[in-house]
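I opened a new notebook page for this structure. My plan is to look things up one at a time and write down what I find.

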Amino acid sequence: MPVSPIAFFFDFSSPYSYLASTRIEALAAKHDRGLEWVPILLGPVFAMTGAKPLTDQPLKGDYARIDIPRSARFLGVPYAHPEPFPVATYQAARVLVGLQRDRPELATPWAHACFAAYFAQGRNIAEMPVLHELARDLGLDAAQIDAWCADPQIKAQLKANGDRALQSGVCGAPFFIVDEEPFWGVDRLPQLDAWLTARF
């Protein structure tokens, strides 16, 4: 009987999603699970939960500025807090949706490239010239990037991803769902690993 993949809900502007993106593939492979990358925009999630970007929250923001780079060091992941932060990520997400539809072999490399550009290289992925540069590194041309960003079907799919996230109880990012079991946060990856092993 086929087993379900791990659904990985994330926003390219979420630093904890970036950290999770460096670990989730190995975890999925360990358990012989597929991995579904589901780009979303956190704005609708924040509207539903009444939250706002972590670094904009009193006290939590101060803590996050310590915890995020510390967590990156703990995981051995390069990190430089980006400025500006956060940024609009709908264009980067639309490109990913387009790649998932038309060039699936490049979808995951694009996701990693966007995360690394923003959180390790100080490049603003809200700017189209940056996305064009990332595309060229993957053998894609700027015209194709622009076409995906303007494609009504892709826009609709990204919105559908967000609707699915809300309907599934996604309350932040990163968020993982496997076999209908939800896990929120990069710090839940060890628990997700243990749950897939022992179903506690």
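**Entry 1: a term I need.** I call a residue buried when its relative accessible area is under 20%, exposed when it is over 50%, and partly exposed in between. The model is predicted.

**Entry 2: Arg33.** I looked up Arg33 in the loop between α2 (24-30) and β2. Is Arg33 buried or exposed? Its relative accessibility is 12%, so Arg33 counts as buried. Next I checked what its side chain reaches. The side chain of Arg33 comes to 2.8 Å from the backbone oxygen of Ser4. Then I listed its contacts, leaving aside neighbours within four places in sequence. Arg33 touches Val3, Ser4, Ile6, Ala28, Val178, Asp179, Leu196 and Arg199.

Entry 3: Asp179 sits in the loop between β3 (175-178) and β4 (181-184). Its phi is positive, near 50°, and the residue is not glycine. At 30% relative accessibility, Asp179 counts as partly exposed. Glu180 lies in the loop between β3 and β4. Phi of Glu180 is positive too, near 70°, and this residue is also other than glycine. Why does Glu180 count as exposed? Its relative accessibility is 76%, and the cut-off for exposed is over 50%.

**Entry 4: helix α4.** I checked the span of α4 (60-75). Its 16 residues should span 22 Å at 1.5 Å a residue. The end C-alpha atoms are 21 Å apart, which agrees. Which residues of α4 are buried? They are Gly61, Ala64, Asp67, Ile68, Ser71 and Ala72. These buried residues pack against α1. After α4 comes Gly76, with a positive phi near 70°.

**Entry 5: the loop between α4 and α5.** I looked here for cis peptide bonds. Pro84 is in this loop, and the bond joining Glu83 and Pro84 is cis, with omega about 0°. Pro86 is in the loop between α4 and α5 as well. The peptide bond from Phe85 to Pro86 is cis, with omega near -10°.

**Entry 6: helix α5.** I ran the span check on α5 (residues 90-102). Its 13 residues should span 18 Å at 1.5 Å a residue, and the end C-alpha atoms are 18 Å apart, which agrees. The buried residues in α5 include Gln91, Ala92, Ala93, Arg94, Val95, Leu96, Val97, Gly98 and Leu99. What covers the buried residues of α5? The cover includes the strands β1 (6-10) and β2 (35-39). It also includes the helices α6 (107-119), α7 (128-137), α8 (142-150) and α9 (152-167).

**Entry 7: the largest pocket.** Last, I looked for empty space. Rolling a probe the size of a water molecule over the atoms shows where such space is left. The largest pocket holds about 1,100 Å³. It is lined by 44 residues, and the closest to its centre are Tyr16, Leu54, Ala173, Pro174 and Trp184. I sorted the lining by type and got 26 nonpolar, ten polar and eight charged residues. At least two lining residues come from each of α1 (15-21), α3 (42-49), α4 and α10 (189-198). Which helix gives the most to the lining? It is α4, with nine residues.

Definitions and conventions: Residues numbered from 1 in each chain as written. Predicted model: local features only at pLDDT ≥ 70, side-chain atom pairs only at ≥ 80, totals over all residues. Heavy atoms only, no water. 1 Å grid on protein atoms, 1.4 Å probe; cavity = no way out; pocket = protein on both sides within 12 Å on 5 of 7 lines; lining within 4 Å. Points joined across faces, edges and corners; volume = space filled by probe spheres on them. Helix = DSSP H or I, 4+ residues; strand = E, 2+ residues; numbered from the N terminus. Nonpolar A, V, L, I, M, F, W, Y, C, P; charged D, E, K, R; others polar. Expected span 1.5 Å × (residues − 1). Buried < 20%, exposed > 50% of the residue type's maximum accessible area, 1.4 Å probe, protein only. Contact = heavy atoms within 4.5 Å. Polar contact = N/O pair within 3.5 Å; in protein donor to acceptor, adjacent residues only side chain to side chain.
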